[in-house]
Amino acid sequence: SENFSNFGQRLCMGSGIEELMDDLGNALVNGGPDTKMLGGGQPAHIPEVNALWRRRMEEILSSPGGMEKMLANYDPPRGNPIFLESIAQLFRENFGWDISAKNIAITAGGQTAFFFLFNALAGEFKDGSKKKILLPLVPEYIGYSNQSVGSDIFRAVKPMIEKIGEHDFKYRVDFDNLNVDDDIAAICVSRPTNPTGNVLTDNEIAKLRALADEKGIPLIIDNAYGAPFPNIIFTEATPVWNDNIVLTLSLSKIGLPGTRTGIVIAREEIAAAVSSMSAIVGLANGNVGQQIMQPLVESGEILKLSNEVVKPFYVEKSRQARAWVEEAFDPELPYRVHLSEGALFLWLWFEDLPITTAELYERLKKRGVLVVSGHYFFFGLEDESWQHRHECIRMTYTMDERTVQGGIQIIAEEVAAAYAGK
Ligand code: PLP
């Protein structure tokens with residue numbers, strides 16, 4: 001509406017991520033028994049993990065003043081000081097990073113951290129110049145795409161596509177076409193990547209880090225699925241940090257999305273900036289996730305939980321979903337699946353599909369299967385004509401067997417029909 005400001009025009013009028021979270025939330029609340037929700041980033045309910053949250057809640061309720069501290073107090077804007085110290089200690093002891101609580105700030109989920117970081121680092125500057133966030137590899141996380149309060153702030157680069165065997169593939173950063181111009185404010189990647197399950201190799205990260213250092217700009221690494229927690233990562237990938245890296249973590253994918261807890265690790269100036277933004281936008285963050293998690297961080301139990309419960313659970317889910325794809329799809333069709341190296345999704349590519357994936361999404365929805373059309377994830381790209389962006393879908397594999405296997409079966413049927421010109 002015209003009653004909204006420029007800020008309002010950008011943030012009040014709906015977005016891909018809003019539709020997605022609406023679909024997801026509503027399907028969880030009142031989805032019919034036949035809805036196959038393969039669309040969102042909802043982590044699985046792992047019984048062992050939920051049992052741990054229950055244990056922690058009971059400990060909090062039975063400890064003197066525990067509940068009151070959790071529910072009846074405001075935290076400082078930066079986060080609970082004891083939690084911040086435990087996080088700093090975890091990374092000092094396990095990775096040798098030279099960080100203290102001053103390098104950390106809590107946000108209302110990783111999502112809010114990105115809103116703060118992108119808008120503080122990029123956009124319009126005092127001298128009138130405009131700076132952008134460089135996404136060295138799209139497809140990239142849909143949740144970033146509408147976050148700018150000013151003009152468009154993303155510049156994205158197409159990946160190299162490595163075809164592997166008959167039905168697999170992997171994206172790689174195309175360093176030859178990656179120009180870190182002077183109007184780039186920061187480089188940003190999710191690792192593991194939502195939507196593809198790609199994990200940038202240590203070598204790719206080292207090169208990006210060198211480029212960022214050379215330009216004196218931050219490299220933002222979105223570690224929502226990464227090591228050391230939740231550790232939904234199936235390849236070897238070393239967590240890295242230095243003064244120039246802004247690392248974001250989250251308690252969502254280990255199983256506490258309802259607590260909305262994000263963690264930013266950055267040089268002191270940036271961590272302080274995030275804390276300032278939290279104060280202005282929300283006074284303080286929620287206490288519950290930090291309170292549940294603090295002793296588990298202090299004791300290192302969070303690492304054990306990630307390695308011994310969460311990761312193996314998703315390794316098996318991913319393997320199973322990939323096997324069902326193999327079973328359901330006609331091997332003659334030119335379908336490909338991105339290597340599932342982490343996160344909660346399979347990313348399917350249907351080369352030369354006669355219909356767009358936006359159309360495929362509609363056909364699947366009619367049959368009760370919700371996926372996400374891949375075109376949403378290619379924002380910030382200038383090349384509108386690149387067909388690949390209309391040939392991919394993302395499906396979440398975290399749901400129960402009946403939902404995932406049944407959903408894959410229907411996807412295979414609809415894709416076969418589309419290739420057959422129906
Ligand atoms: N980053 C990535 C890559 C994600 O997939 C998500 C959630 O799906 C987020 C950040 C934000 O998650 P949260 O705000 O729950 O921490």
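A residue counts as buried if 20 or more other C-beta atoms lie within 10 Å of its own, as exposed if 12 or fewer do, and as partly exposed in between, with C-beta atoms placed from the backbone. Helices (H or I, at least four residues) and strands (E, at least two) are DSSP runs numbered from the N terminus.

Now the source. This is a predicted model, in which local features need pLDDT of at least 70, side-chain atom pairs count only at pLDDT 80 or more, and totals for chains, interfaces and linings use all residues. Residues are numbered from 1 along each chain as its sequence is written.

I'll start with helix α9, residues 288–299. Its buried residues are Gly-289, Gln-290, Gln-291, Ile-292, Met-293 and Val-297. They pack against α3 (47–62), α4 (66–71), α5 (81–95), β2 (104–107) and α10. Contact here means C-beta atoms, placed from the backbone, within 7 Å. Just after α9, Gly-300 takes a positive phi of about 85°.

Next, the domains. The assignment, automatic or from a database, gives domain 1 as 6–49 + 305–419 and domain 2 as 75–299. Their C-alpha centres lie 23 Å apart. 43 residues of domain 1 are in contact with 43 residues of domain 2. On the domain 1 side, the elements giving two or more residues are α1 (6–11), α2 (16–30), α10 (301–328), β12 (335–338) and β13 (345–350). Of these, α10 gives the most, with 8 residues. That side divides into 26 nonpolar, 11 polar and 6 charged residues. For those classes, Ala, Val, Leu, Ile, Met, Phe, Trp, Tyr, Cys and Pro count as nonpolar, Asp, Glu, Lys and Arg as charged, and the others, Gly among them, as polar.

On to the sheet. 6 strands form an open sheet in the order β6-β7-β12-β13-β16-β15, and the pairing is mixed. β6 (160–164) and β15 (372–373) stand at the edges with a single partner strand each, so one side of each has no neighbour in the sheet. Strands pair, by the criterion used, if DSSP finds at least two bridges between them. β6 and β7 (residues 168–172) are antiparallel and joined by 5 bridges; the bridge partner of Glu-162 in β7 is Lys-170.

What is the burial of β13? 6 of the 6 residues of β13 are buried, so the strand is largely enclosed by the rest of the structure. Phe-345, Trp-347 and Trp-349 cover one side, and Leu-346, Leu-348 and Phe-350 the other. β13 runs antiparallel to β12, with 3 bridges, and Val-337 stands opposite Leu-348. The hairpin of β12 and β13 has 6 residues between the strands, and there Ala-343 takes a positive phi near 65°. β13 also runs antiparallel to β16 (residues 392–396), with 5 bridges, where Leu-346 has Met-395 as its bridge partner.

Leu-348 comes up again in the largest nonpolar core, which has 113 residues; those with the most contacts inside it are Ile-133, Val-264, Leu-348 and Val-371. A nonpolar core is a set of buried Ala, Val, Leu, Ile, Met, Phe, Trp, Tyr and Cys residues joined through C-beta atoms within 7 Å. Leaving out residues up to four places away in sequence, Leu-348 touches Tyr-335, Val-337, Cys-392, Ile-393 and Met-395.

Last, the ligand. Of the 14 residues around the ligand, Gly-109, Gly-110, Gln-111, Ser-250 and Ser-252 come nearest; a residue is near if its C-beta atom, placed from the backbone, lies within 6 Å. Helix α6 (residues 109–121) gives the most to this shell, with 3 residues. The shell divides into 3 nonpolar, 10 polar and 1 charged.

Conventions
Contact = placed C-beta atoms within 7 Å.
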